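Let's take a walk through this fold, one piece at a time. Keep the picture open while you read.

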Amino acid sequence: MATLSTNTNASGAPSGCGPRPKPQPLQTSSGSSVSANTHLATDQGGVSKDHSLRDLEKNVCKLRALLVEDDAADVELMLQALRKGGFEVNGDIARTSEEFTDRVRRNSYDVVLADYKLPNWNGMESVETMRREGLDIPVILVTGSLGEHTAVDCIKQGAADYVLKDNLSRLPESVRRAIRENKLREEHKQSQEDLARSCQDLEQFAYIASHDLQEPLRMVAAYTQLLAERYRGKLDADADKYIQYAVDGALRMQTLVQDLLAFSRVGQQGLDIQNTKSNLAVETAVKNLYATIHESGALVTHDCLPVVYANAPQLVQVFQNLIANAIKFRGAEPIAIHVSACKSGKEWVFSVTDNGIGIAPEHAEIIFVTFKRLHTHAEYPGNGIGLAICKKIIERRGGKIWVESQPGQGSTFKFTFPVVELKGELRPPR
Ligand code: ADP
């Protein structure tokens with residue numbers, strides 16, 4: 001492994017900030033020498049991750065680079081181009097795959113500048129190595145020639161950019177852009193993680209709150225009902241009315257808390273996920289809804305449905321919520337509900353179709369939001385949690401749910417599940 005080393009400019013100021021020192025010869029450990037005032041050095045592991053996007057825009061910044069290059073003259077040219085572009089470079093050179101792996105394990109870099117074709121390996125292997133090592137450092141291919149197809153392929157496979165050696169004036173801008181994109185990617189990843197963490201905290205909070213609220217609420221509901229029974233007609237008319245309001249409120253709050261608990265449980269349960277027959281899930285949902293189906297005279301039919309990778313009780317719950325809604329939001333016709341599924345690429349698309357009141361397209365998204373409803377409680381009972389639960393269950397399995405509907409023309413709720421690859425036994429990957 002070649003480690004190039006020289007002094008940084010004495011002031012320690014970025015090269016773009018003041019007068020540049022004259023290029024000094026740099027000595028590689030293998031004896032080859034290149035010339036640059038740039039500091040390419042050491043195993044110190046020190047990093048220039050501290051440069052901010054603002055520094056990048058200002059064109060002055062320290063750069064810790066790993067150069068995958070076996071030609072000292074090319075190294076020098078790259079360094080000169082970077083220096084001209086306002087970088088103070090500090091870093092290492094790797095000539096073999098082993099050196100490369102060792103370097104990225106021990107040090108931290110802002111960018112990798114890799115020759116596409118070296119005698120024993122190729123620059124794209126550095127992208128693979130980084131992926132294997134779980135690192136996210138942009139790799140720019142710096143190469144003598146690269147056909148357009150190869151260039152597109154390399155970028156598809158993860159290279160940040162490519163710069164031709166006879167056009168090295170492009171290098172600083174390419175580096176700047178790669179670092180900027182990398183930084184934005186990191187920030188995005190960080191905010192995604194923060195969001196996931198706060199969602200988890202919120203879910204945990206909702207679970208604990210709804211769980212612990214149940215007991216005091218049960219007391220309030222029980223005693224207000226007792227009050228209503230014992231003192232109805234014994235106080236004045238206003239008192240009867242107020243007690244009844246309190247009873248209704250307590251009972252309603254109880255169902256809200258139970259629904260909230262059911263919603264947060266979707267994320268809390270350590271789920272048993274396995275190949276699940278959707279036919280059976282629909283039939284279980286129909287059995288659970290026996291009384292409602294019987295009273296309403298609904299006709300529920302289904303096609304032959306596929307096996308999906310799911311938690312069986314939750315899949316039952318999805319069908320049950322959708323079928324119960326199809327009955328609740330019935331139209332004037334006798335209720336007819338049909339469940340079907342068709343394959344679309346790598347997904348199964350399930351449909352639950354009804355001939356009910358339908359939904360205006362502008363409400364097609366809001367109905368999946370927790371506690372959102374289109375009707376008053378007096379028109380249709382419910383808390384607006386059923387579809388939110390379906391959405392949560394389905395999205396946790398990598399699917400999506402939506403509705404296709406028009407007012408007065410029935411609704412079709414559709415949701416997807418990834419197709420399970422069945423090899424002999426029903427055994428998809430975990
Ligand atoms: P809830 O049924 O308690 O209101 P949901 O989350 O299950 O809560 O449904 C949200 C809203 O979506 C319902 O209030 C209703 O307006 C609408 N909706 C759901 N399913 C249907 C359906 N099959 N037909 C018409 N409207 C529906």
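## A hairpin to start with

In the hairpin made by E11 and E12, two residues sit between the strands, and glycine 345 takes a positive phi near 60°. A quick word on names: helices (H or I, at least four residues) and strands (E, at least two) are DSSP runs, numbered from the N terminus. Two strands pair if DSSP finds at least two bridges between them.

Before we go on, this is a predicted model: local features need pLDDT of at least 70, side-chain atom pairs count only at pLDDT 80 or more, and totals for chains, interfaces and linings use all residues. Residues are numbered from 1 along each chain as its sequence is written.

E9 and strand E11 (residues 336-344) pair in the parallel sense over four bridges, and valine 300 has isoleucine 337 in E11 as its bridge partner. E11 and strand E12 (residues 347-353) run antiparallel, joined by seven bridges; here valine 339 is partnered by valine 352 in E12. Seven bridges also join E12 to strand E14 (residues 411-418), again antiparallel, with tryptophan 348 partnered by phenylalanine 417 in E14.

## The parallel sheet

Another open sheet has five strands in the order E4-E3-E5-E6-E7, and its pairing is parallel. Strand E4 (87-94) and strand E7 (161-164) are at the edges with a single partner strand each, so one side of each has no neighbour in the sheet. The twist averages 25° from one strand to the next.

Strand E5 (residues 111-114) and strand E6 (residues 139-143) run parallel and are joined by three bridges. Look for leucine 113, which stands opposite isoleucine 140 in E6.

## Helices that pack together

How far apart are the axes of helix H8 (residues 278-288) and H10? They are 8 Å apart, and the two helices pack at an angle of about 55°. That makes H8 oblique to H10 (under 35 degrees counts as roughly parallel, over 145 as roughly antiparallel, 65 to 115 as roughly perpendicular, and the rest as oblique). By class, their contact has eight nonpolar, four polar and no charged residues. For these classes, Ala, Val, Leu, Ile, Met, Phe, Trp, Tyr, Cys and Pro count as nonpolar, Asp, Glu, Lys and Arg as charged, and the others, Gly among them, as polar.

H10 also packs with H11, at an angle of about 150° and with the axes 9 Å apart. Among the residues that meet there are Asn325 in H10 and Gly386 and Leu387 in H11 (contact means C-beta atoms, placed from the backbone, within 7 Å). This contact has seven nonpolar, five polar and no charged residues.

## Around the ligand

Which residues are closest to the ligand? They are Asn325, Leu374, Gly382, Gly386 and Leu387, out of 21 that surround it (a residue is near a molecule if its C-beta atom, placed from the backbone, lies within 6 Å of it). Helix H10 (312-328) and helix H11 (386-396) are the elements that give two or more residues to this shell. By class, the shell has nine nonpolar, ten polar and two charged residues.

Note on methods:
Axes fitted to C-alpha atoms, helices over the stretch in contact; angles between N-to-C directions. Contact = placed C-beta atoms within 7 Å.
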